[in-house]
Amino acid sequence: PAIIGVGPRHIAAGTVLPLLALPILAGQGAGRRVYYHPRRDGEKTEREYPAKVEAVELSQSHAAVLAEGKIYIRSLKGPPAVTVLPAEGSKGDDGVKILSMRMTLQDILVYSTSGKELVHYDVEERCPINEYRHTESILAVYPNNLGGTYTAFLDAKGMLQVYNAVTEVSLSPVDHDRVGKIRGVLWDLADPSVFVVAADAREAAVLELHTFAVYDYSLSGPTVVPVGGAIRRSEVFYESIDFESGRDDPTTLTHGEMPVGVQNGRVTVQCQQPGELRTSDLASHSGIGSALRRMSNTNSGPVDVEEMERVVMRLAALGRMELAYRLCLSIPRNEKMGTDEGGRDELMRLIARQAVELLEVDVAILAYRECGDADRVAFLDRLVQLEDVPMLQGYLRVLLGQKQAAIESFVRAGAPREALDVMCDAQMWESAKGLATTVDQRRLPMIHRQVAMGLEDKGDYEGALASYKEALGEVDESRVEDSAEHFRACNAGLARCLCYCGMYEPAARLCERIAEEDVLVECAAILERMKQYSLAGRLHQRLGNLERACSLYIQDMDFDAAKPLMDQVSTPKLHLLYAKAKEARGFFKEAAASYEKGGDMESIVRLLVDESQLNDPRKAMNLIRKGRRRVGDVTGSIEFLTRARLEEMAFEMAVRHDQMPVYERSLAESEGSDELVEERYRSVAGYYKERNLPLEAAKNYVLCGEYEVAMELCLSLDQTNVSVDETAASVAGGRRWKLSPHMELAIDIAGRCHDEGLVNRLVDHLLRANAGLEDDELGYHQAQSIYKLHQVLGNYEESARIAMLIAKREQDEGRYKAAQSLLLKTYKDLYRLKMRIPRELWERLMLLQSYILVKPRAQLDEHINAALLLKRICQGNVLQSFRKHAAQTLASAVIECMKSGMKAEAHAYACELMRDAELRNRISEQLRKKIEVVVRKPPKGDQQAFQEALSPCPYCAAPLPDSSLSCGHCQNIVPFCAVTGLHVVLSDWSSPCGNCSFPMRYSMLERMLAHEKSIVCPMCSEELAASAVTKLSPEDALEEAEKFKRNFTRTMSAHENRS
């Protein structure tokens, strides 16, 4: 037989003959006959059908035969009448064929048609009971053994669906990207909610069995979940099951095996050997049977708690919550789980959480009670008798904190009051306001208040003001819970919002009715920020803060309000403030009295000597004499006279006592007309010039605007006091970044006046001693002066060229940090002005920064990073760029490369170091011997070379070695990380340093901040606070990369075009 049908009482068989035999036997009904054999004593029958038989299905009393698109149904007990589906002339019969069928033991025939329909047909009643139209043709149907309440079907696209004939809901349980081609579906004969999908394995020519469980009721509605042997806890929600893990570890059959049936998680398999069967547990049910037997047998020996934990989770995933609970109870409470340090209680919480998910309230109560969670038990006890599923879903989602989903469930259940309760608990005030309008208007005042408080926190004070008014408008106190607190909070918020909205007088009137001090303090602070000082002072006066109130009255020029309070305060600062305010209003006598109370005698003298004020110089002189006799301090007297605008007396005293610097400081702090101040500075300059102090004289000539005289003095000082030998001595002494004061002043004069004649004169003076020399032979002192001059004049391109010359000399002398600082300053100046940065400047800065980073990276055991930096330095001609420390650099490169596994590079650098006798003699004997060993042992030819890590280019995403700073694919210069020296990537780009704007890798900064609250930028040495270190999004990082690229693509300067 090629076709077999098996029923409770009969077996049916049909044949399909070879093609060669068909013409001979065509008249004998070949392929159209079915033979029916009773399983017990009975007569064998034979039936012939109009077309070739494709499938036979048997129930206890009927047989259904599929033959070329039609189903023939006949009774196995009664008369041989045949029902044909689809019936001739029936609706939708035009060209419709039946593609597949299955019949359940309850005489429910489930079949699919070419019209994309899935039909449940009652064979006994001869009528369809359910019809479902799918989007694709259905090729195979697999109903469960409970009358086809759930039917799995496979469509023309190979997609598996599960259809619930009761709720008419179709679910898609299988992730088709994880399984191979589906071969069939088997429903568990003992558990109609569990089915097994047989599919081809991805990596072998065998079948895999994937188990799924159907949840009729759950928080998410009808659901199908995968259950595998490797099912485990969720890593996000520890009390939940990770059903994604259920897709792992399916049951794998051996080659040639075919599943026949499943019962209680045990699958019966037809082996490759004909007539041989075997049974085994599905991976999803592994260990369940033995665990249950052990649970019933108390003397079964020690418990494997880890295996028991896995079995409990499998039972919970299959929806057998009561069994899972009972099995968990059999685990000793003090036992620790392998993956759970919490023990049995944590596993019981998982059972409770899954029971809540499946709406099994009774089991959830038992599990939470076992955990000692009295609050949840009390909450669930109120839900035991609740039968409305949407209502139950809503309450259980409230228990789990899923507020939005709970609201949706209550709305579906037609319980808006409960939805309103959840909205209020979740502080969803805008939504609650709309719902309360129709459901419970008693809550509207409280909701309006909460909405207003939220708007106030967001800074929407006008909206908050309107909501506070709505909360207070026409409120029946008897209908508002805690009405006193409600009115207090609303009035306080209303007062604050009135202040913010500029309605100051209504706010002040409202504050008069408010007794709470904290509200008054808040309103006073707001009024101060809004510069309503007088109103704020009234509030502080009411609070008893008289000094603060007086200060605010004075600040607002409200002297009428401040005057009664002045006698009650003793703070000198307030009296001085009051005196200044009175003076500004022209009340000089009252101002003098207040200055006296404040102890400010200088201000009294100033009022006395001023002709437009009190105009009493004699009294002022008396006060000065008393002060001098009392103090006896020349410095203080000079300062006092200057502040009292008696500059001539102050100048004479300074000359007499040789205290001109004191007079200069006092003069700088004094106030007066520009002409008068310039005249005073001219007098000071003349004083210094007479005493042959040209630098001090030049400074004062600058202050009075006589730039030409000041320049003459500075240049004469340079000719007389500074020689080439002294400059060289100063260079050798290490004072390399300090220009002479007179030269600093001369450059400052050129920058102040921008006079072309003075600038040319200064340049000629600087170049006169070095006429005929090339740029790279320019004297250090002159080069530094010219650099500073170009900086002051804004000639940044020329200053960049000079800076590179100075940095080269610093580098040649071994002062790498000084050279890096100068190049960085020049780089920042060009970056700030959005000018093109010379590539030579960037490359020199990059090499210097790489050199500086080597030591800290090696100290952090980042040896590969240090080796890559040293490799970059050595490739840049280390003998020329770092000749002062070339030997030490090569030795460090050998050591770091050996530690990093870069043996070929270490051998090359060792050979280069040993080849040069001068370099070889610069290192210690001990280190030289180690390097000689490296030279004598070159790497073997078959030894695998070091592979540098690759990361994407930030511009074109092409793979790029970490240490490479130029992309061969897009030809762009790639920015480097200031912390590691490696190029940055878009996915790990930190916010740039606020001082130097250099990018950094976020992961490296995060690692450094894990040990310290703040770190120092390795490029500019500025402190980086933890709050300033953020990771940029890929879009922002790309914008930073483009900004860096523009530094090198702007229009070239004239100098670079010439070169």
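**Notes on charge pairs and cysteines**

1. Arg33 is partly exposed, at 27% relative accessible area (buried is under 20%, exposed over 50%, and partly exposed in between, with a 1.4 Å probe and protein chains only). This is a predicted model, where local features need pLDDT of at least 70, side-chain atom pairs count only at pLDDT 80 or more, and totals for chains, interfaces and linings use all residues. Numbering runs from 1 along each chain as its sequence is written, and side-chain values use heavy atoms, leaving out hydrogens and water.

2. Arg33 pairs with Glu46 in a salt bridge, with 3.5 Å between the closest N and O atoms (a Lys or Arg side-chain nitrogen within 4 Å of an Asp or Glu carboxyl oxygen). The two sit 13 residues apart, Arg33 in strand 3 and Glu46 in strand 4 (strands are DSSP E runs of at least two residues, helices H or I runs of at least four, numbered from the N terminus). Glu46 is partly exposed too, at 39%.

3. Arg1001 is buried at 14%, and Asp962 is buried at 12%.

4. The whole structure holds 0 disulfides (cysteine sulfur pairs within 2.5 Å). The closest cysteine sulfur to that of Cys993 is in Cys1020, and at 3.6 Å it is too far for a bond. Cys1017 also has Cys1020 as its closest partner, with 3.7 Å between the sulfurs, again too far. Cys993 is buried at 4%, and Cys1017 is buried at 1%.
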